[in-house]
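Biologist: I have a new structure to learn from. Can we go through it step by step?

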Amino acid sequence: MKKVLIFVIFLALAGIAYAEPKIEIVGGDTYDWGKVNSTMGFLKKEIFITNVGNEDLMIYSVNPNCGCTTAPISKNTLKPGDTASLNVTVNVSTYSGDIKKGVEIKSNDPNNPGKYLWLKAYVVKPITLFPQYLNFANMMINKETLTKVVITNSTDQPITIKSISIYPDSLKINIKEGDKIPANGEFVLEAKYTPKSTGRFMANLKLLTDNKDVPEIILNGFGNIAEPLNDNK
């Protein structure tokens, strides 16, 4: 009888020893939105977390590793079999290409106290500029300066330039109203300027397009104008 009692106590203690919370992300630790457009702005998804253990799961904190990501949780205590939701939001408006963001979920799961949820997407910008401004370097009085910007169209349709605004008026460009940026192609924009006086130079170029996602392309230009070099000195 004593042996039976000892055995029962042993089983009870063993059960207590192995009683623990266990965190699990429903659907896996990675969520992939696939190909998205940057003009979508905020990607959203409700992600569920379940306690598949046999003790209460305590969520201490949910920490996105990027300021572009938020993931508030619906509750912090999950009983065995209970579920909580993360309302995940990722701002992709400034990104291009593959992105991967992490959200660390800290809990009392002894085997996984810092579990990561990974968020992925491939962000496509309808129009990208490289560089993103008109760089008028080494400007000199009465000497024409040339700068270039590559305008890339990542859409499947050509983009038409509807109208153009230029400052200053004497800025010369190689694009005009009615020109098209080819589908999945690029246009090399050239801007030329011949300064007449020294000082700080600023320019502005606005292109209105027929693309509803990017109705305008704005390029600012900068440079410093110096006196011409005198080779006789």
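What follows is a short exchange about a predicted model.

Biologist: Is glutamate 24 buried, partly exposed or exposed?
Modeller: Glutamate 24 sits in strand 1, residues 23-25. Its relative accessible area is 39%. Buried needs under 20% and exposed needs over 50%. The value lies in between, so glutamate 24 is partly exposed.

Biologist: Which residues does glutamate 24 contact, leaving aside neighbours within four places in sequence?
Modeller: Contact means heavy atoms within 4.5 Å. With those neighbours set aside, the partners of glutamate 24 are Phe48, Ile49, Thr50 and Val52.

Biologist: Which residues touch the most other members of the largest nonpolar core?
Modeller: This core has 26 residues. In general, nonpolar side chains tend to be buried together in soluble globular proteins. The residues touching the most other members are Trp33, Leu86, Val88, Val90 and Leu117.

Biologist: How many residues are in the other core, apart from that one?
Modeller: Among its members are Val149, Ile181, Leu189 and Ala191. The count for this core is 25 residues.

Biologist: Is threonine 147 buried or exposed?
Modeller: Threonine 147 belongs to strand 12, residues 145-153. Its relative accessible area is 6%. Buried means under 20%, so threonine 147 is buried.

How values were computed: Residues numbered from 1 in each chain as written. Predicted model: local features only at pLDDT ≥ 70, side-chain atom pairs only at ≥ 80, totals over all residues. Heavy atoms only, no water. Helix = DSSP H or I, 4+ residues; strand = E, 2+ residues; numbered from the N terminus. Buried < 20%, exposed > 50% of the residue type's maximum accessible area, 1.4 Å probe, protein only. Core = buried A, V, L, I, M, F, W, Y, C linked by side-chain atoms within 4.5 Å.
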